[in-house]
Amino acid sequence: MTTNGLLQLVIFFGVLLACVKPVGFYMARVYSGSTTFLDRIIGPVERLLYRLCGIDKTAEMTWRQYSTAVLAFSLMSFLTVYALQRTQGWLPFNPESLPAVSPDSSFNTAVSFTTNTNWQGYGSEITMSYLTQMLALTVQNFVSAAAGMAVLVTLIRGFTRHTTDAIGNFWVDLLRGTLYILLPLSLVLALALVSQGVVQTFGSYQEVTLLEPTVDAVGAEITTQTIAVGPAASQIAIKQLGTNGGGFFNVNSSHPLENPTPLSNLLQLLAILLIPAALCFTFGEMVGDRRQGWAVLAAMLAIFVPLLTITLMSEQAGNPTLAQLGADQLATDLQPGGNMEGKETRFGIVNSSLWAVATTAASNGSVNSMHDSYTPLGGLVPMWLMQLGEVIFGGVGSGLYGMLMFAIVAVFLSGLMVGRTPEYLGKKIGAFEMKMASLAILFPCAMVLVGTAVAVASTSGSETIFNPGPHGFSEVLYAFSSAGNNNGSAFAGLGANTPFYNCLLGLAMLVGRFWVMLPVLAIAGSLAAKKTVPSGPGTLPTHTPLFVVLLVAVVIVVGALSFFPALALGPIVEHLLTSTAR
Amino acid sequence: MIQQLRTATLVLIALTFLTGGVYPLVVTAIAHVAFPTQANGSLIQRGAQIAGSELIGQPFSRPEYFWGRLSATAPFPYNAAASSGSNFGPLHPGLKQAAEARLSALQAAGSSGKTVPVDLLTASASGLDPHISPAAAEFQAPRIAASRKMSENAVRELIRQSTEGRQLGILGEPRVNVLRLNLALDQHQMN
């Protein structure tokens, strides 16, 4: 890698880590109901909303009530997104007169956006009206993210409270997360993105005359180019901050009007990891021991950085097939070199690889390059990061509560080794917590593997595979890894907008969201009801490097054991085939 | 449950109004005051006509124009109403065929060398990439000079003017805006 490439990585990690403490501290204040510097502006709006919606902000819920509230809200969201897509043809803000979306695609998209997955089976600019993009998709970008953070906060309350069945009020957590965290950050980011050239308009698509006419697939002359525009910046800002990832345009953040410059790229990259990373600090702050938060963040980085290195080196090495044709793939000051298929010139190898790893570590799923065209090992990393359960940063809220499930497993394992009752943050981890943590970890794994098996074994699943050979298998495995873990990125060659994939992937997304969320809420309730035990000489400290290593090992062993056989059939075979092509 | 559904509906309506209505409208309003050109797609005016967008590439195949990245959009390249990448995996036969077709087209037009910068042989992610690497521009410079009967130095000067360095000196990759460069070439010949 070039010196400049290294420098860009250092800048990225430097700025990200510098933001963790202030943003994490601010979020801790928001969720503990403390005052913040935005109270003067947002406070009146917040109180008005409580009054309009009939919410008593002091009334707390049990974990069962909280779960019912989450499910009720998700159900209403699902129905709204579905209905808007089916009726958009008759509704305003549709300058291109786009017709209603098909029932199976509407189902898939409605599930996708309410579960914070934001898998896109459709091509945005040819499918969704401006109204649908705003009222259905942008709204879910906010609220599905805020719901994830709310559930995380209840888990944290489970650790900090004792002998109570109250774990907070979902409506208050949802509204405060949206109003105080997501909206202000999005507003600032959206305007910064417009300054770089991201479009934000309600005007219709622009028609321009081509400098040199061209011909289309059947030989007809084409003299004009229609440029799709729209209110993109406002949606892109929250798409990144809420780890949603659903793009305004079909090719997401590789589209020059969605991500026009290296600076817009850096801002979006930071936005992808900002809240998931800062929530680690929020966690430490709220449990009263910041070291606990730093330890979890350290474990995430310890997995992130080596995997990033693999993708970077693999992509920079380029494609042997093109080298044989005489392609110059060496990085110099005049060209990025490397495997440039499916990558944009302004991002080159470094920014494309960093994005690919960040977007799949976090359950974001937006892309600035086409993962389907990555080298086998370069593409294996994003796939495996999703299969690890979206816990390396992960989705906002959902990533950290997933990681805390692994932490519970880690203290349980170490408890087994020394023969003592496991404790985490002053709470005894019993059989119930272990059962729930295992469910949360194993259900998405099972969904990914079974879903992939069903798809490749059936005609409906295999006939829309685009690439031949093991890469085609990777496309299917990637799709289920993405849906089952609520990421949303794709090996986009797979024709996934079919009734078969729309339904099966929709199911996978539901499992990946609620079969993790409900066990987490159950654990939160169970922990809150327990007494807090003071730590003794037999307690395993959970802020030490030893625990970080243990946590990393548990995440990797579960991920490797579950998915190595499947990966061997896809990217690993393909890597061996590519090497022999040399 | 009924009570929860009622609250859920009210909260969803309130947040839809706020995040789906007020928020995008506020962003649009501020954007159009502060950054009107960018908000509308960074369009390039040439006389009364719109010549294109600075951020959206166009297809070029004549020898006297610089060529951009390959584009996999359908049904014609650089279709800015339906962005798309090729999605070719590294072993897909289509990847090699597309690169070979580009190689022979370059040779036929009069650009050849021992090696060719890889970005000229590969499709971009969006199919709309407005840029090529400075190496890819330099590779094509002799052909442009020959077919336009200009000196290579004059061509290089125009390349230099259309080259954007790394942003803030560090970020991204150096790149040449192909549409801007080709417009500059036409302008240069008219003068």
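**Close-ups of cores and rings**

A:Phe159 is buried, at a relative accessible area of 4% (buried is under 20% relative accessible area, exposed over 50%, partly exposed in between, with a 1.4 Å probe and protein chains only). We're looking at a predicted model, where local features need pLDDT of at least 70, side-chain atom pairs count only at pLDDT 80 or more, and totals for chains, interfaces and linings use all residues. Residues are numbered from 1 along each chain as its sequence is written, chains are lettered from A and ligands numbered from 1 in the order in which they are written, and side-chain values use heavy atoms, leaving out hydrogens and water.

**View 1. A:Phe159 meets A:Tyr424.** These two make an edge-to-face aromatic pair, 5.3 Å centre to centre with 85 degrees between the planes (rings of Phe, Tyr and Trp, the last by its six-membered ring, pair if their centres lie within 6.5 Å; planes under 30 degrees apart are stacked, over 60 edge-to-face, the rest tilted). A:Phe159 sits in helix 5 of chain A and A:Tyr424 in strand 4 (residues 423-424) of chain A, so the pair ties together parts 265 residues apart in sequence (helices, H or I of at least four residues, and strands, E of at least two, are DSSP runs numbered from the N terminus). A:Tyr424 is buried as well, at 0% relative accessibility.

**View 2. A:Phe78 meets A:Phe107.** The structure holds 22 aromatic pairs over all chains. In this one the ring centres are 6.1 Å apart and the planes at 80 degrees, so it's edge-to-face. A:Phe78 belongs to helix 3 (residues 63-87) of chain A and A:Phe107 to helix 4 (residues 103-114) of chain A, so parts 29 residues apart in sequence get tied together. With 24% relative accessibility, A:Phe107 is partly exposed.

**View 3. The largest nonpolar core.** Of its 200 residues, A:Phe170, A:Ile392, A:Phe393 and A:Tyr424 touch the most other members (a nonpolar core is a set of buried Ala, Val, Leu, Ile, Met, Phe, Trp, Tyr and Cys residues joined through side-chain atoms within 4.5 Å). Helix 5 (residues 130-160) of chain A gives the most to this core, with 18 residues.

**View 4. Around A:Phe393.** Setting aside neighbours within four places in sequence, A:Phe393 has contacts including A:Leu273, A:Met300, A:Phe304 and A:Leu400 (contact means heavy atoms within 4.5 Å). Ring pairs also link A:Phe12, A:Phe13, A:Phe304 and A:Phe393 into a cluster.

**View 5. Charges over rings.** A:Lys343 lies over the face of A:Tyr374, 4.0 Å from the ring centre (NZ of Lys or CZ of Arg must be within 6 Å of the ring centre and within 35 degrees of the ring normal). A:Arg176 does likewise over A:Tyr180, at 4.7 Å.
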